[in-house]
Each structure stands twice: as structure tokens, then as C-alpha cells.
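The following report describes a single protein chain for a reader who works with computed structures. Please consult the sequence and the coordinates shown here alongside the text.

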Amino acid sequence: MPLRRTAPPPWAIDRRRLLGQRIAHHRRTAGLSQEQLADRVGVERRTIQRYEAGSRDPRYTDLLLIAAAVDADLADLVREGPPAPGSP
């Protein structure tokens, strides 16, 4: 996969971290380990770990599969703005 020509802007990195926090929150709420979520999505555990750490952008299909696996709306994972009370 080709590398980006420029680094993403800081706001995009912040959003990616927030997405990772939301994925981790929903995974834990669903009672799943990273390994279990990875199995359901069809990726390596390390990939889930990178998504949750905000160090890698998930593909759209992976986001759909993650949302289904944790029984969450895709919109809840990717919404803008501050987290709702009680969630990341």
C-alpha cells in the first residue's frame, strides 16, 4: 500500500484516536477481547489493537463488521463532537 504524501493534520489524528477509544469502549461493553473481536472481523488481533490505539485507520468494511460485532450503530463509532456522558 502506498504511503501518504503528507502527514494527516492534527485534527484527523485526534479523531482517529477518539474512534479507537469508542471501538475499545464498545468492545469491552460487549464483553469481547481484542482476539474475539478480531476473529469476528476477520483481521489479526494486532490490527484491532492498532485501531484502538489510534495508530491505524480502519477500512470501511472493518468498521461495519466491528459495529455489527459489538452491536453498535456505525454512527456511534464515527460521530463527531465530544463523547456522550458515560462513553468515550
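How much space lies in the second largest pocket? The second largest pocket holds about 200 Å³. This structure is a predicted model, in which local features need pLDDT of at least 70, side-chain atom pairs count only at pLDDT 80 or more, and totals for chains, interfaces and linings use all residues. Residues are numbered from 1 along each chain as its sequence is written, and side-chain values use heavy atoms, with hydrogens and water left out.

**The second largest pocket**

On a 1 Å grid over the protein atoms alone, a pocket is an open set of points where a 1.4 Å probe fits, with protein on both sides within 12 Å along at least five of seven lines, and lining residues have an atom within 4 Å of a point. The volume is the space filled by probe spheres set on the points, which are joined across faces, edges and corners. The lining consists of Ala-12, Arg-15, Arg-16, Leu-18, Leu-19, Arg-22, Asp-57, Pro-58, Leu-63, Leu-77, Val-78 and Arg-79. By class, 7 of these residues are nonpolar, none is polar and 5 are charged. In this scheme Ala, Val, Leu, Ile, Met, Phe, Trp, Tyr, Cys and Pro count as nonpolar, Asp, Glu, Lys and Arg as charged, and the others, Gly among them, as polar. Helix H1 (10-29) and helix H5 (74-78) each supply at least two lining residues, and H1 gives the most, with 6 residues.

**The chain as a whole**

The secondary structure comprises 5 helices and 0 strands, and the elements run α-α-α-α-α from the N terminus on. Helices (H or I, at least four residues) and strands (E, at least two) are DSSP runs, numbered from the N terminus. Of the 88 residues, 32% count as buried; buried means under 20% relative accessible area, exposed over 50%, and partly exposed in between (1.4 Å probe, protein chains only). The accessible surface comes to about 5900 Å², of which 51% belongs to carbon and sulfur atoms. These areas come from the Shrake-Rupley method with a 1.4 Å probe. Among contacts with a separation of 6 or more, 61% join residues 24 or more positions apart, where contact means heavy atoms within 4.5 Å.

Which residues of H3 are buried? In H3, Thr-47, Ile-48, Tyr-51 and Glu-52 are buried. Viewed down the axis of H3, these residues fall within an arc of 135°, so they line one face of the helix. The arc is that of the directions from the helix axis to the C-beta atoms. The buried residues of H3 pack against H1, H2 and H4. After H3 comes Gly-54, whose phi is positive, near 80°.

In helix H4 (residues 60-69), the buried residues are Asp-62, Leu-63, Ile-66, Ala-67 and Ala-69. Seen down the axis of H4, they fall within an arc of 165°, so they too line one face of their helix. On the other side of H4, Tyr-60 and Ala-68 are exposed. The cover over the buried residues of H4 includes H1, helix H2 (34-41), helix H3 (45-53) and H5.

Asp-71 follows H4 and lies in the loop between H4 and H5. Asp-71 has a positive phi of about 55° although it is not a glycine.

**Selected residues**

| Residue | Relative accessible area | State |
|---|---|---|
| Leu-37 | 0% | buried |
| Arg-27 | 10% | buried |
| Arg-16 | 17% | buried |
| Asp-71 | 74% | exposed |

Leu-37, in helix H2, is in contact with Ile-23, Arg-27, Leu-32, Ile-48, Ile-66, Ala-69 and Val-70. The C-alpha atoms of Leu-37 and Ile-48, 11 residues apart along the chain, are separated by 7.5 Å.

Arg-27 belongs to helix H1 and is in contact with Leu-32, Ser-33, Gln-34, Leu-37, Glu-52 and Val-70. Arg-16 is likewise found in helix H1, and its contacts are Gly-54, Ser-55, Arg-56 and Asp-57. Both Arg-16 and Asp-57 are among the residues that line the second largest pocket.

Note on methods. Lists of a residue's contacts leave out its neighbours within four places in sequence.
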